[in-house]
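Here are some friendly notes for anyone opening this structure for the first time. Have the view ready and follow along point by point.

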Amino acid sequence: MSRAQRAYDVVIVGGGTAGSVLAARLSQDEDVHVLLLEAGAATLPDEVRDPPAWPSLAATHASWGETTVVQRSRGTAVALPRGRGLGGSSAIDAMVFARGHRSGYDAWSHGGAKGWGFDDLLPYFQRSETALVRAPGRGTQGPLLVAPAAAPNDVLLACLDGAVEAGHPRARDISGGLEEGFAPVDLTIVDGRRQSAADAYLVPVLNRPNLHVVTEALAHRLLFDGSRCSGVEYGVDGRTERADCAGEVVLAAGAVGSAHLLLRSGVGPPSDLRQAGVDVVHALPGVGRNLHDHPRAHLVYHAQREVPAARYNHGEVMGLLRSTPEADGPDVQIVFADFAVPNPAGPVDNGFTMAITPIRPVSRGTVRLTSADPRTPPLVDPNYFAEEQDVRTALCGLTAARRIAWSSALAEWGIEEVSPGLGAVDEESIGAFARREFSACCQPMGTCAMGEEEMSVVDSELRVRGLDGLRVADASVIPSVPCGSPAATVYAVAERAADLLRP
């Protein structure tokens with residue numbers, strides 16, 4: 001029997017952030033035979049290692065190169081790059097490593113995700129990291145070495161001073177999940193180079209005899225024996241292979257990839273499956289629903305003083321704040337970036353950006369199947385700014401960011417707002433700008449939501465409801481957005497999933 005045909009104890013689909021963690025942790029037991037399938041390549045472009053180069057990576061083979069469907073709020077599609085290759089999105093993202101504020105996890109338990117509050121996740125946050133700047137609750141022995149930029153860009157430090165001048169707290173550890181305010185954020189950059197999930201977890205253990213990694217292996221469909229998932233059919237080198245699984249199959253292909261694989265395997269809303277010509281194996285109406293991502297509006301400034309060249313990830317300082325005093329936690333994120341993003345006013349040769357994000361959006365979208373062919377991409381509709389509440393939250397963030405820009409700390413930079421410009425001063429015009437001229441944070445979540453509600457896809461132990469031998473352990477299980485970038489949360493979800501999968 002060939003290795004591709006043997007019965008593995010665990011088959012993991014997706015070698016990105018969560019998959020790298022799972023493969024490394026589960027193969028620690030030499031009696032557990034693990035197969036990791038990754039659709040992308042083992043070797044990624046050289047630019048992946050260079051932190052300031054990350055905005056260019058969406059155009060390389062390290063990304064799936066996808067876009068959303070046309071968004072009603074702006075009338076065009078939005079680029080939604082996601083990682084393809086070992087390390088997944090951790091190999092192409094902006095390298096921000098920040099836990100969500102603890103308030104953002106409370107809603108998880110309200111939806112039936114039992115035992116997934118901030119305090120429950122804290123040991124897994126700690127397990128993933130070695131935080132080089134010591135602060136309460138941070139990990140000291142994890143594979144990821146995380147720390148703020150040693151010397152943030154001068155213009156970003158001026159923005160930080162402006163935030164404090166505008167009345168916002170100066171946080172000690174904005175990445176730890178316990179504070180609000182502004183501070184340099186933790187980054188997964190080590191010795192000037194990106195540290196991806198594959199770098200930290202997977203590469204050091206590739207020589208384990210019980211770990212088999214197959215790259216450029218596109219999962220076609222899940223295989224079932226009755227209600228039990230018995231393996232995965234996948235394509236590699238022009239051949240169709242079958243990986244049999246005696247234990248559990250774990251989906252770690254992300255909010256788009258995991259939902260797409262379930263759907264084309266016949267697990268999902270029956271009407272959607274039939275419309276795409278896929279036989280219904282197991283009716284599960286929540287698959288592909290509840291998609292949410294962070295939209296991001298930009299204030300772009302020209303500066304008379306020269307902005308220094310980037311050394312880190314461009315966005316080295318971050319703030320979390322509440323749009324209203326009544327909010328149950330921070331719901332606005334502001335990131336200061338040391339370059340001028342593309343904007344409707346035109347190129348800016350010397351400037352910077354304030355990126356404003358409603359970090360707990362209420363708008364929800366879908367991932368839908370169009371064909372059983374695994375090479376046909378799904379229809380991805382995050383439905384950005386569909387809910388007026390998200391527009392109002394962004395409006396509050398834009399107003400707060402402008403106050404920072406008007407501070408004396410930034411006066412010496414001789415700044416001028418280029419986009420949207422001071423022609424947009426009332427709520428109606430600023431709100432219209434947010435709806436029309438936004439980009440995506442490229443952090444999709446929620447399409448296989450965890451909980452005990454009718455639309456939940458996995459239970460509190462990440463088991464696909466109604467099926468045996470199948471779990472999901474990636475950003476797709478996040479039922480509602482934690483207050484912050486999700487990378488640190490995905491690491492923690494995968495660390496906990498590894499515990500759940502151990503005998």
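The points below go from the whole chain down to single residues.

1. Please keep in mind that this is a predicted model. The chain has 503 residues, and its radius of gyration is 22 Å. A compact globule with that number of residues would have a value near 23 Å, so the chain agrees with that expectation. Along the principal axes, the C-alpha atoms fill a box of roughly 70 × 45 × 40 Å.

2. Turning to the make-up of the fold, you will find 10 helices and 22 strands in the chain. Buried residues account for 62% of the 503 residues. Of the contacts with a separation of 6 or more, 70% join residues 24 or more positions apart. The accessible surface is about 19,000 Å², and carbon and sulfur atoms contribute 48% of that area.

3. An unreviewed UniProt entry gives residues 8–295 as "domain: Glucose-methanol-choline oxidoreductase N-terminal". Over residues 8–295 the chain is 21% helix and 22% strand, with 40 Å between the end C-alpha atoms.

4. Helix H1 spans residues 17–26 and is mostly covered, with 10 of its 10 residues buried. Among the buried residues are Val-21, Leu-22 and Leu-26, and Arg-25 is buried as well.

5. Where does Asn-290 lie? Look in the loop between strand S13 (282–283) and strand S14 (295–303). Asn-290 counts as partly exposed because its relative accessibility is 21%, while the buried class is kept for values under 20%.

6. What does Asn-290 touch, leaving aside residues up to four places away in sequence? Its partners include Met-445, Gly-446, Thr-447, Ile-478 and Pro-479. Ser-480 is 190 residues from Asn-290 in sequence, yet their C-alpha atoms are 8.5 Å apart in space.

7. How many disulfides are there? The count is 0, with a pair of cysteine sulfur atoms needing to be within 2.5 Å to qualify. Cys-396 is in no disulfide, and the nearest cysteine sulfur, in Cys-483, is 14 Å away. Cys-396 is partly exposed, at 30% relative accessible area.

How values were computed. Residues numbered from 1 in each chain as written. Predicted model: local features only at pLDDT ≥ 70, side-chain atom pairs only at ≥ 80, totals over all residues. Heavy atoms only, no water. UniProt positions renumbered as here; feature names shortened; annotations may be inferred. Helix = DSSP H or I, 4+ residues; strand = E, 2+ residues; numbered from the N terminus. Buried < 20%, exposed > 50% of the residue type's maximum accessible area, 1.4 Å probe, protein only. Contact = heavy atoms within 4.5 Å. Rg over C-alpha atoms; globule rule 2.2 N^0.38 Å. Areas by Shrake-Rupley, 256 points an atom, 1.4 Å probe, with all protein chains shown as cover.
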